[in-house]
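Work through the exercises below with the sequence and the 3D view side by side, and try each task before reading its solution.

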Amino acid sequence: MKHSRTDRLDSEYQKEISKIISGALKDREPEIKGIVSVTEAHVAPDLKTAKIFISVFAADSEQKNKTFSVIRDNAGFIRRELARVMNTRTVPALTFLPDGSMEYGSKMDELFTKLHKDEDR
């Protein structure tokens with residue numbers, strides 16, 4: 001299966017943004033708490049915009065929302081850091097979106113565990 005340029009860029013941006021968030025941004029912004037995962041990146045074919053899906057696993061929803069807000073507010077910083085490491089002519093404008101798949105998976109695991117406990121009775 002042949003991958004297109006945007007598919008390669010998607011994975012490269014995902015990897016580099018994850019490094020930036022866990023490194024330079026976390027050092028700069030102590031409000032970032034919990035585990036932050038960059039689950040997906042979708043770069044537009046014209047390379048002008050990119051949607052970055054972020055999942056935050058934190059102690060409570062308030063901490064999770066604060067961490068996500070800090071990441072969203074620092075989109076310009078992340079973009080500048082990307083420009084330093086990426087060898088592309090332009091770096092797209094970044095839009096950060098929440099990804100709820102981890103919470104969904106955790107909730108489904110709890111439901112399945114509960115079902116198995118109910119069956120054992």
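**Exercise 1.** Find the volume of the largest pocket and state which elements supply its lining.

*Solution.* Start with the volume, which is about 170 Å³ for the largest pocket; a pocket is an open set of points on a 1 Å grid over the protein atoms alone, where a 1.4 Å probe fits, with protein on both sides within 12 Å along at least five of seven lines, and lining residues have an atom within 4 Å of a point. This is a predicted model, in which local features need pLDDT of at least 70 and side-chain atom pairs count only at pLDDT 80 or more, while totals for chains, interfaces and linings use all residues. Residues are numbered from 1 along each chain as its sequence is written, and side-chain values use heavy atoms, with hydrogens and water left out.

Next, trace the lining: β2, α2 (61-73) and α4 (101-120) each supply at least two residues, and α4 gives the largest share, five residues. Among the lining residues are Phe-57, Lys-64 and Glu-110.

**Exercise 2.** Determine how β2 pairs with β1 and with β3.

*Solution.* First, β1 and β2 pair in the antiparallel sense over eight bridges, with Glu-40 opposite Phe-53 in β2. Then turn to β3 (residues 93-98), with which β2 pairs in the parallel sense over six bridges; here Ile-52 has Phe-96 in β3 as its bridge partner.

Methods
Points joined across faces, edges and corners; volume = space filled by probe spheres on them. Helix = DSSP H or I, 4+ residues; strand = E, 2+ residues; numbered from the N terminus. Pairing = 2+ DSSP bridges.
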